[in-house]
Amino acid sequence: MSNAGASELVARLEAICGAEHVLVHPHDLATYRSDGLAHLRETPVAAVLPDTAEQVQQVVQACFEAEVPWVARGSGTGLSGGALPISDGVLIVLARMRRILSVSLEDSEVVVEPGVTNLAVSRAVSPTHFYPPDPSSQIVCSIGGNVAENSGGAHCFKYGFTTNYVTGLEVVLTDGTMVELHRDAPGYDLLGAFVGSEGTLGVATKITLRVIPVPESVRTLIAFFDDTVAAGEAVSEIVSAGIVPGAIEMMDKLSIKASEEATGAGYRLDAGAALLVELDGPDDKCTARLQHVTDICSKAGSIDVRVAKSEAERALIWRARKAAFAAMGRLAPAYFVQDGVIPRTRLAEVLRQIDSLAAEYNLQVANVFHAGDGNLHPLICYDAGREGEAERAEELSGLIIKTCVDAGGSITGEHGVGVDKKAYMPSMFSEADLETFQRLRCAFDPHGLANPGKVMPTPRLCGEVPGPYREHPLERAGVAERF
Amino acid sequence: MASELWPETYEQAAAGLGAASAEHQAVRIHGAGTKFEWGGLGIEPDVELHTTALDEVLEHNVGDLTAVLQAGVPLARVHEQVAAAGQMLSLDPPLGHGDAQDATVGGVIATADSGPLRHRYGAARDLVVGMTVALSDGTIAKSGGKVIKNVAGYDIAKLFSGAFGTLGAILEVSVRLHSAPPDTATAVGSTDDPVVLGSAAQQLSMAPLELEALDVAWRGDRGEVLAQLGGPGAPERADRVAAIMHEAELEAAEISDNDAEIWSRQRAGQRSARAAVLRVATRPSLLAEVVRATRAAGGSLVGRAALGLSWIELAPDQVSAVRERLGASAVAVLLDMPAGARDQLEPWDAQDGAALELMRRIKMRFDPAGACNPGVFVGGI
C-alpha cells in the first residue's frame, strides 16, 4: 500500500471514529501486533477502534473503497493467530463496543455488542441463567471473538459450542453492506456458516445469544489414577452409562506436577492422571449420578476419589485445572499448545503414541484435555535458548496433530485454524474440499478483504461468477494464483 | 418424462449431477419423497436423482456416540439400529404421511425438519458433525469430520442443512448420538386460555428441570403444555413439573410414564394430508399471540414452546390472514399444501434484501448452472 494511499485511508478512518481512536504509531500499535499466539507478530498500517456498528460499517466501507484488507480483533486471546494483523491492512479493534443491548429472560435471550466479554454475558443473566460456552479465557475473551472461532470450553461436552447458542447476528460484509441473520429465518443457514468462519466472512456488530437456566445443583469430584489409561477407562465407562457430566477434564502426571506447584490445590503428586468430573442438573439426578461416577472411578482403579464438600473445595479443584497452561512455565521456558481431537475410544492408544514421539524427540509433553469430547491439549515444552529445540518442538507438534488426524480426529477442536494450523488443513481436507470452502468464502467476500491469509493453506482468489474475467491486484503482483 | 438416476456410489451421484448440469438440465434430488409438497413449485425436472440406493449405515461407533450414515438411509432404521445400543439420534421429526413413514436422513436434513427433541438436543444442523456432498459440477466434497468437537474449515454442513437440495446433493453425514434415557415421564397440563398456556410454558422453560422436550398443542378450544423428563428420578421430577403447571393455572396435570403415544401425536401434528401447514418462528414469549391467530383461523397447532417454533395446520384460504396478523414479529414458511392450492400461495416469507442477495451469491458459487432443485427455495432460488 502506498504512503499516500495509507494516509488518505487513515484520514478517512479518523473522520469516522475520531483521531484518538485511530492508532498508527508503532509504539501505540505494539499491543495489537499479536494475539494469544504470541510468537507471531505483525504491525498493521493502522488500528481503528470504532464505537458503534455504524462506525464499523463505515470503516469497512472505507477499506473496501481503498481495496485494503482488514482483520477484526476482539480481546486478542485467540490461540491460533486468527487476529494476527496484516502488514498492509487495517486492524479493526472491537474492544470499545461492549454494551449489553438487551436482556430478555422470558425469551432466554441476550443481545450484545461484539466486545462484550464472555463472562459478562453470564453475569448479565445471573443468578437464574447462564451462557454455557466457557473458554478458559472467559474473563477477558470477547463474544465477537467467540463467534469468529466457534469457541468451546470445559462445559461444551454437555452443553455444546458457541454455534449452538448464537440465534441472531448483525454482520457487516466486506463491501460495507449490513445484513441481519436469524436462526430460524427461511433460506440458507448463513448464521451457521458465519459462526466459526474465523473473521473471514465479515464482522459481527450485534450478537443475539441464547442463555439457559442455571442448573439446580453442581457436584464436583476429582479422582486420581495411576495412569491416563485407567482414567480414560473411567471416562468411557461414565459416558457408556449414559451420564453426561457438565465437565470431564483430564490431566497427566506432568501437568498435575506443574499445576500443583503453581496452586497448591492438593492434587496428588504420586498420581499418573487426575480426572475432574463435574455433574450438574436437578438435585436428585446429580446425587444419584455422583454415586454412580464415584463407583465407576473406584472400579476403574482410582487410587483416591475426592468429592468437593463446599464451594471453596470446588473452586480449589478447578483452580489447578485452569492454571494448567500458565503453570507450564515451571517446566520449561516456552511451549506450543495443540488442540487436536480424537474419537474418545482411541484415547489410550493416541496418548501412548504421543509419549513415544516425545521420547523420540527428547522433549517433555504435558497433556491436559477435555476428555468427554476427545479434545487434547498437548503442551510441547521447549527451551528456545537451546539450539534447534524450538524447531524440533514445532516438528513434534506437527506429528502429534498428524497422529490425531490419523486416528479419525481433527486438527483443531476449539482454537481455530488461523495461521497456526493452516498448513495442516490438507491432512484433513482434499483439494476439492478446500475449493468448496473457498466457494463459501467468495460468496461472502469476493475481493478477499476479510482476514486474508487465514484458514486456507495457500492464498486463493475468487473467480467472478458470472461475468467477464478481471485481474485481481494480488494476482497482478504475483502474490496469489486464481482459484 | 424425467429420466431417473439411482446412483449406488458417490461417484455415480456426482457424475450424474455433473452430466445433467452440463446439459443445462434441471435435477430434482429425491429421497423418499415424503416432503415433495414443501417449497416452491420450481421447474419441472429433467432428471430425478434418487438417493435411496445410498442406504448404508456405514459406521455406528458405540463408544464414541457417533454414526456415519448415507443420505438415503431411512431415519427410522437409524433410530432402530442405535436404540439397540441404548442410544438415540436426537432427530425426531414426523417420518412422513400415513403409512409412508420412510423419510430419509438426507431429506430430513435438507429440509431442516425436526421434532420435540430439538428442545434439548438442537436441530439437524446441531447434530451433524460432518457431511459429504456432490455439487453440480461433479465435485465430491466433505466438511467437518467424525468427531463431535471440530472447528477445522468452514461449516458447509450447516449451509446444506435446510437448503432444500438447491446447493447440491447430500451424500453422507456424520452425526452425534446421545444416550437414550432408559426412563421417561411426561406431564401434561391443559387450559382453554392461550395466555395461561403461554405463561405456563414460559415458567417451565425458565425452571432448571433439564426437560427432554417442552411442547404445546392447541386443538379447537383447548390447549396443552407437555413436558418430558428423562433419566434417573424422571417420575419424581415429573411431579415437580406437575406442581409448576398447577401453580401456573393449568388444569388436570397428568403424568404418564408410558409416553410414546403422546409424543407421536405431537410429531404427527406437524404434517397434514388435507390442509396447509404453516411453520412459524417467533420470540417464545409471543406464543399466546400465535395461538390466538391459530384459533381465529380455525386451525390447530403444535409447537416447541421454548424455541418459539409452531406448526399451524389450517385451511389454505386462512394462510394469508395468519401471516398478516403475525406480521413482522414472525417468520413463516408454508410446508404442506393440498394439491391445487399450491400455485396460489408463496411458501417463503420475503427476506431481508441483503440476506437474500447473499443467498443468491452462495447459490451462484455452489451451483452456477442452476441445476439443483431450481426454483423451490427462498426468492425463487
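Is B:Glu313 buried or exposed? In this predicted model, in which local features need pLDDT of at least 70, side-chain atom pairs count only at pLDDT 80 or more, and totals for chains, interfaces and linings use all residues, B:Glu313 is buried, with a relative accessible area of 16%. Here buried means under 20% relative accessible area, exposed over 50%, and partly exposed in between (1.4 Å probe, protein chains only). Residues are numbered from 1 along each chain as its sequence is written, chains are lettered from A and ligands numbered from 1 in the order in which they are written, and side-chain values use heavy atoms, with hydrogens and water left out.

B:Glu313 forms a salt bridge with B:Arg274, with the closest N and O atoms 3.5 Å apart; a salt bridge is a side-chain nitrogen of Lys or Arg within 4 Å of a carboxyl oxygen of Asp or Glu. B:Glu313 belongs to strand β17 (residues 309-314) of chain B and B:Arg274 to the loop between α9 (260-268) and β15 of that chain, so the pair ties together parts that are 39 residues apart in sequence. Helices (H or I, at least four residues) and strands (E, at least two) are DSSP runs, numbered from the N terminus. B:Arg274 is exposed, at 65% relative accessible area. Over all chains, the count comes to 48 salt bridges. In chain A, A:Arg99 pairs in this way with A:Asp51, at 3.3 Å between the closest N and O atoms.

The two chains meet at an interface where 89 residues of chain A are in contact (heavy atoms within 4.5 Å) with 76 residues of chain B. Together the chains bury about 6,500 Å², 57% of it on carbon and sulfur atoms. Buried area is the accessible area (1.4 Å probe) that two parts lose on being put together, summed over both. A:Pro186, A:Tyr188 and A:Arg439 supply 14% of the area that chain A buries against chain B, more than any other three residues.

Across this interface, 29 residue pairs are in polar contact (both at pLDDT 80 or more). A polar contact is a pair of N or O atoms within 3.5 Å; within protein, one must be able to donate a hydrogen and the other to accept it, and residues adjacent in sequence count only if both atoms are side-chain atoms. On the side of chain A that touches chain B, α16(A) gives the most, with 10 residues.

The interface also holds 13 salt bridges. In one of them, A:Arg183 is joined to B:Asp126, with 2.8 Å between the closest N and O atoms. In another pair, B:Arg283 and A:Asp107 meet at 2.8 Å, N to O. B:Arg283 lies in the loop between β15 (276-281) and α10 (287-296) of chain B and A:Asp107 in the loop between β5 and β6 (109-112) of chain A, so the pair joins two chains. B:Arg283 is partly exposed, at 36% relative accessibility, whereas A:Asp107 is buried, at 6%. A network of salt bridges links A:Lys158, A:Asp280, A:Lys285, B:Arg120, B:Glu210 and B:Glu212.

The model contains 1 disulfide over all chains, a disulfide being a pair of cysteine sulfur atoms within 2.5 Å. The bond joins A:Cys442 to A:Cys462, S to S 2.0 Å. A:Cys442 lies in helix α16 of chain A and A:Cys462 in the loop between β19 (460-461) and α17 (473-476), so the pair ties together parts that are 20 residues apart in sequence. Both cysteines, A:Cys442 and A:Cys462, are buried. A:Cys404 is in no disulfide, and the nearest cysteine sulfur, that of A:Cys156, is 16 Å away.
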